[in-house]
Amino acid sequence: MTQTLARYSKVMEIVGDILKVRVPPTSGDQARVAFDDLALVEDPGGFSSLARAIRLDDDLVSLQVFVGTKGLSTEASVRFLGHPMRVTYSANILGRVFRGDGEPFDAGPDLSQDPKLAIGGPSVNPAKRLLASKMIRTDVPMIDVFNSLVESQKIPIFSVAGEPYNQLLARIGIQADADIVVFGGLGLIFDDYHFFLRRFEDAGVFARTVMFVNLASDPVVERLLVPDMALAVAEKFAVEEGKRVLVLLTDMTAYADAMKEVGIAMEAVPSNRGYMGDLYSQLARRYEKAADYKDGGSLTILTVTTMPGDDVTHPVPDNTGYITEGQFYLHDGMLDPFGSLSRLKQHVIGKVTREDHGQIMNTMIRFYSNAREAEQKQAMAFELSELDQQLLRFGQLFRERFMAIDVSLPLEKALDLCWQTLAECFEPEMLLMKSALIDKYYPRKAQVGAETADLNAA
């Protein structure tokens, strides 16, 4: 049966980007207004924009206007379209860039006739999920060796403004062994958007990438739609086509700030530091889309969460930490092995990776922790023992060879370099490792000398 798109003109209030319109009870074949429904807002002065229903209070409907309310008057009228926000989904979206309202942002072919799917649906039934058991290789040693990224994992990069977290995110998107990468940019400045676009194109991976971009100058409401659009498309690729999909989102703090801005305009009661009380559930609703599907592929979520003032107790990183399965902690241009954690790495280390992976990881971290203590002794002018000198040498090599985010090594070569670094600094009996592993992997002196010379030459 055809539904009539009734026009409502009783605009009660305009606050920020929120328009409130009175909608009397529906009758006959009129479409009933539902939460998250799209509407078309038109003004006699020529203003026209889509909007989204974000609150239903008896006959009063609050709408988020996509392009903002500048130029909008109370003489405007509203027509509800009878469906929620939809995003284009087909094989044609690969290698394309979309705005936060779902429209193409590039000069590619028209996609208006391609299939559309609704965004913001529920996460997959837990009974349809598999236990995480497959590793995503990134060729970033501090991830692959020490905090392995696992398919179906949801994990953020905790950092602060000014750190190269976008460079790290782009590197992972390029180097990760995923079938499809779905990128969502939240409140990006144009230079950052252009950086991601050029990096994906120059690396030759743009053909397997879909980008949804909300720039800092774009409407806030579009910032709230980008994660849902990216995740809806990613979930479709994973479930229906069996693809291993990696979703990259930056920056989730900008997303939370957008929710706070809308909440203030709606006169909602704020919670901690002005954020709304549903911050946890709103973040969890998106993160919980990550899954390894029993009858399909997998969806892995890697995000950036900036910490204002480097404060990990800030509401956004604090709530995120309760939802996700660890974090990568980026500061001073390096991934910190002590602040970083992958709670799913035990599912793959030594099971789908080399037998020495677990032992070499623990030994390297133990020696680096001791090296940090030796550096503190040196800074306080204490007398250093021969072991302290060895630890200082190890700490320097560890930072140079593994911690910098521009280091790129396949996992097996990174493990071999771990053994070589240990051999350059310590005798075999000092490692406290299984003798069978030492006999098999510990380089002999002549080999160490040759490999060190090669590294120095490089």
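Residues are numbered from 1 along each chain as its sequence is written, and side-chain values use heavy atoms, with hydrogens and water left out. Because the model is predicted, local features need pLDDT of at least 70 and side-chain atom pairs count only at pLDDT 80 or more, whereas totals for chains, interfaces and linings use all residues.

An open sheet is formed by seven strands in the order β1-β7-β4-β5-β6-β3-β2, with antiparallel pairing; two strands are taken to pair if DSSP finds at least two bridges between them. The edge strands, each of which pairs on one side only, are β1 (7-8) and β2 (11-15). Within the sheet, strand β4 (residues 37-42) and strand β5 (residues 48-57) run antiparallel and are joined by five bridges, and Val-41 stands opposite Ser-49 in β5.

Several loop residues were also examined. Pro-115 is found in the loop between β9 (96-99) and β10 (116-118), and its C-alpha atom is separated by 9.5 Å from that of Arg-86, 29 residues apart along the chain. When neighbours within four places in sequence are left aside, Pro-115 is in contact with Val-87, Thr-88, Tyr-89 and Ser-90, contact meaning heavy atoms within 4.5 Å. Thr-250 and Asp-251 are joined by a cis peptide bond with omega of about 10 degrees, and Asp-251 lies in the loop between β16 (244-250) and α5 (252-265). Arg-273, in the loop between α5 and α6 (279-287), has a positive phi of about 55 degrees although it is not a glycine.

For residues 350-442, UniProt lists "domain: ATP synthase A/B type C-terminal" in an unreviewed entry; the chain over these residues is 68% helix and 0% strand, with end C-alpha atoms 18 Å apart. The axes of helix α8 (residues 357-379) and helix α9 (residues 386-403) come within 8 Å and cross at roughly 120 degrees, axes being lines fitted to C-alpha atoms, for helices over the stretch in contact, and angles running from 0 to 180 degrees between N-to-C directions. Helices α8 and α9 are therefore oblique to each other, given that angles under 35 degrees count as roughly parallel, over 145 as roughly antiparallel, 65 to 115 as roughly perpendicular and the rest as oblique. The contact involves residues including Met-364, Ile-365 and Phe-367 of α8 and Leu-391, Leu-392 and Phe-394 of α9, and by class it has twelve nonpolar, three polar and four charged residues (Ala, Val, Leu, Ile, Met, Phe, Trp, Tyr, Cys and Pro count as nonpolar, Asp, Glu, Lys and Arg as charged, and the others, Gly among them, as polar).

Helix α9 also packs with helix α10 (residues 411-425), at an angle of about 160 degrees and with the axes 9 Å apart, and α9 and α10 are therefore roughly antiparallel to each other. Among the residues that meet are Arg-393, Phe-394 and Leu-397 in α9 and Leu-417, Cys-418 and Thr-421 in α10; by class, this contact of α9 with α10 has eight nonpolar, three polar and three charged residues.

Notes: Helix = DSSP H or I, 4+ residues; strand = E, 2+ residues; numbered from the N terminus. UniProt positions renumbered as here; feature names shortened; annotations may be inferred.
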